Amino acid sequence: MTKNSARAFYLFIALAVVLLDRWTKHVVAQRIRPYSHIQVIPGFLQLTHTENTGAAFSLFADSPAPWKTAMLIAFSAIALVVVSVLLWKNHHAHVATGIGLSLIMGGALGNLWDRLARGRVVDFLLFYYQRYQWPVFNLADSAIVVGAGLLVLEILFHKSSGREESLPS
């Protein structure tokens, strides 16, 4: 795979994440009133429309700090620059690395879009079991976590063989 085709492939993944994230947030915002929910799998999954002014999984959401949103926007912008540089320079990297970076880029862009446009992010996926629940999140958060997971797996389990893995032609 050439440099440009690898870059295009990874950019396509990031763009797909952004578009899917924007679409799902729009559908949730249009069809579910804030703080209302729809049962999808009783006892396990519901769609719950929340507006998150904090970071991923509502971290810092209760902070009254006036600089909170600006800090989150700056952090997202810095992360996007770093990920973009890594993707641009490492077009020949292992597939898992490129896909992981692409997922992180798409997720960061999706949440950054919300923060710039509205100062908060729409979250809607709520997984729970009995009285235990995971914080409400969205597809952008999912992409970031899966992307980071791929990078961690790559670091932990990649065996250096002197040759580089490449995408199938």
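The side chains of Arg-118 and Glu-51 meet in a salt bridge, with 2.5 Å from N to O; a salt bridge here is a side-chain nitrogen of Lys or Arg within 4 Å of a carboxyl oxygen of Asp or Glu. By this rule the count comes to five salt bridges. Please keep in mind that this is a predicted model, in which local features need pLDDT of at least 70, side-chain atom pairs count only at pLDDT 80 or more, and totals for chains, interfaces and linings use all residues. Residues are numbered from 1 along each chain as its sequence is written, and side-chain values use heavy atoms, with hydrogens and water left out.

**From helix H3 to strand S2**

- Arg-118 lies in helix H3 and Glu-51 in strand S2 (residues 45–52), so this pair ties together parts that are 67 residues apart in sequence.
- Helices (H or I, at least four residues) and strands (E, at least two) are DSSP runs, numbered from the N terminus.
- Arg-118 counts as partly exposed at 36% relative accessibility, while Glu-51 is buried at 19%.
- For these labels, buried means under 20% relative accessible area, exposed over 50%, and partly exposed in between (1.4 Å probe, protein chains only).

**A salt-bridge network**

- Asp-21, Arg-22, Lys-25 and Asp-114 are linked in a network of salt bridges.
- Within helix H1, Lys-25 and Asp-21 sit four residues apart, about one turn of the helix, and the closest N and O atoms of their salt bridge are 2.8 Å apart.
- Asp-114 and Arg-22 form another salt bridge through their side chains, at 2.4 Å from N to O.
- Because Asp-114 lies in helix H3 (residues 95–118) and Arg-22 in helix H1, that pair ties together parts 92 residues apart in sequence.
- Asp-114 is buried, with a relative accessible area of 2%, whereas Arg-22 counts as partly exposed at 23%.

**Packing of H1 and H4**

- Helix H1 (residues 3–31) packs with helix H4 (residues 139–157) at an angle of about 150°, their axes being 8 Å apart.
- Axes are lines fitted to C-alpha atoms, for helices over the stretch in contact, and angles run from 0 to 180 degrees between N-to-C directions.
- On the H1 side, Val-17, Leu-20, Asp-21, Thr-24 and Lys-25 meet Leu-139, Ala-140 and Ala-143 of H4, where contact means heavy atoms within 4.5 Å.
- The residues of this contact divide into five nonpolar, one polar and two charged.

Notes: Nonpolar A, V, L, I, M, F, W, Y, C, P; charged D, E, K, R; others polar.
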